[in-house]
Amino acid sequence: MSRPSPLAISVGSVRRLLKEETTYRTELTNQEARLRRWESEGDGEDDADTGNREWAIKQEKQGIQETKAIFGPLREKLLSAVAGLEDLVHSEQAEQLSEDEVKEAKELIVRAKAG
């Protein structure tokens, strides 16, 4: 089995990081929705339920902050991977690559920079 080309490795890396970013954004949206739901609930509950709900709200807020903290370092990794991919696409080796590989790489670069 032949080794993957540097371009294939770089494309895979950018694709993985984009997927990871999308997953964290989805998770953040879900966490925020749960938090809004828990904050709006609670009318007519007894003290035990109120304590449990307050604990859950506190935990969800902490989870949201932890999820938000991931975006900065993840974005830096993504931009670094994109820079490497751009270097490969614009290098002398790019002439040896198939049009489909280069097209996919360029599409990923645009997607990564847009996000």
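Helices here are DSSP runs of H or I with at least four residues, numbered from the N terminus. An α-helix has 3.6 residues a turn, so residues three or four places apart point the same way. The side chains of R16 and E20 form a salt bridge, at 3.5 Å from N to O; the term means a side-chain nitrogen of Lys or Arg within 4 Å of a carboxyl oxygen of Asp or Glu.

R16 counts as partly exposed because its relative accessibility is 47%, and E20 is partly exposed too, at 26%. For those labels, buried means under 20% relative accessible area, exposed means over 50%, and partly exposed is in between (1.4 Å probe, protein chains only).

## About the model

What you're looking at is a predicted model, where local features need pLDDT of at least 70 and side-chain atom pairs count only at pLDDT 80 or more, while totals for chains, interfaces and linings use all residues. Residues are numbered from 1 along each chain as its sequence is written, and side-chain values use heavy atoms, leaving out hydrogens and water.

R37 is partly exposed at 41% relative accessibility, and E41 is partly exposed at 36%.

Another joins the side chains of E39 and K61, at 3.8 Å from N to O. This pair links distant parts of the chain, with E39 in helix α1 and K61 in helix α2, 22 residues apart. E39 has 41% relative accessibility, so it counts as partly exposed; K61, at 42%, is partly exposed as well. There's also a network: E21, R25 and R75 are joined by salt bridges that share partners.

## The nonpolar cores

Now for the inside. A nonpolar core is a set of buried Ala, Val, Leu, Ile, Met, Phe, Trp, Tyr and Cys residues joined through side-chain atoms within 4.5 Å. The largest one has 17 residues, and L7, V14, L78, L85 and V89 touch the most other members. Each of α1, α2 and α3 supplies at least two residues of this core, with α2 giving the most, at 7 residues.

Take L7 as an example: leaving aside residues up to four places away in sequence, L7 touches L85, L88, V89, L97, E101, V102 and A105. Contact here means heavy atoms within 4.5 Å.

With 16 residues at 1.5 Å a residue, α3 should span 22 Å, and its end C-alpha atoms are 23 Å apart, which agrees. (The expected span is 1.5 Å times one less than the number of residues.) The buried residues of α3 are V102, A105, L108, I109 and A112. Seen down the helix axis, they fall within an arc of 125 degrees, so they line one face of α3. That arc is taken from the directions from the helix axis to the C-beta atoms. On the face turned away from the buried side you'll find the exposed residues E99, D100, K103, V110 and A114.

H90 sits in the loop between α2 (47-89) and α3 (99-114). At 64% relative accessibility, H90 is exposed. H90 and V102 are 12 residues apart in sequence, and their C-alpha atoms are 9.5 Å apart in space.
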